[in-house]
Amino acid sequence: MKHSRGNFVLLRADSLRLLLPAHEVGAAEYIDHELRPAGEPGFFEYGDAGDARRVVALSARMRPLQVFPEDRFVLASLNTGERPLAFAWNEVQVLIDADFERHPLPAAMQVPGAPVQAYVERDGELVLCATAPGVISYVKGGA
């Protein structure tokens, strides 16, 4: 068991709860109009055609959903130093100077290159520890 202390962002997409370092998550904004398919399965566009951003809505298994869920109303980008990718969430919470006990995933659940290697408990819920590069790589099929 290891303690993690710092600034984090808790991202929720239905039953999926991810904890990322705060510096890897962009500012949250409300979705105020419909998204349209982006031509690539699991990706949507948000904004005017010339200035549209690509958006992903994750399932509980961290895979892009093919149909945009009506209950996702917050966008927050994950930043890797390259072009950020926006994700649609049910909830985004910023946690300042938070302290968590990190637990490694059980050996049977550890997969090389997987976006999650540990978890924390918060308010009786399991929250998966991830990084923006790991989530983006997994979503794009890198894992």
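Before the details, a word on conventions: residues are numbered from 1 along each chain as its sequence is written, and side-chain values use heavy atoms, with hydrogens and water left out. Because this is a predicted model, local features need pLDDT of at least 70 and side-chain atom pairs count only at pLDDT 80 or more, whereas totals for chains, interfaces and linings use all residues.

Let me start with the chain as a whole, whose secondary structure comes to one helix and 11 strands, where helices (H or I, at least four residues) and strands (E, at least two) are DSSP runs numbered from the N terminus. The radius of gyration, taken over C-alpha atoms, is 15 Å, close to the 15 Å that the globule rule (2.2 Å times the number of residues to the power 0.38) gives for 143 residues, so the chain is as compact as a globular protein of that length. Of those 143 residues, 43% count as buried, that is, under 20% relative accessible area with a 1.4 Å probe, protein chains only.

Turning to the strands, which pair if DSSP finds at least two bridges between them, we have a closed barrel of five, running E1-E2-E11-E10-E9 with mixed pairing.

E4 is joined to E5 by two bridges in the antiparallel sense, and the two form a hairpin with five residues between them, in whose turn Gly39 has a positive phi of about 90°.

E5 in turn pairs antiparallel with E6 over four bridges, and Phe44, which is the bridge partner of Pro37, also stands opposite Val55 in E6. This second hairpin has six residues between its strands, and Gly47 in the turn has a positive phi of about 110°.

Further along the sheet, five bridges join the antiparallel strands E7 (residues 74-78) and E8 (residues 85-89), with Ser77 partnered by Ala86.

Terms used
Buried means under 20% relative accessible area, exposed over 50%, partly exposed in between (1.4 Å probe, protein chains only).
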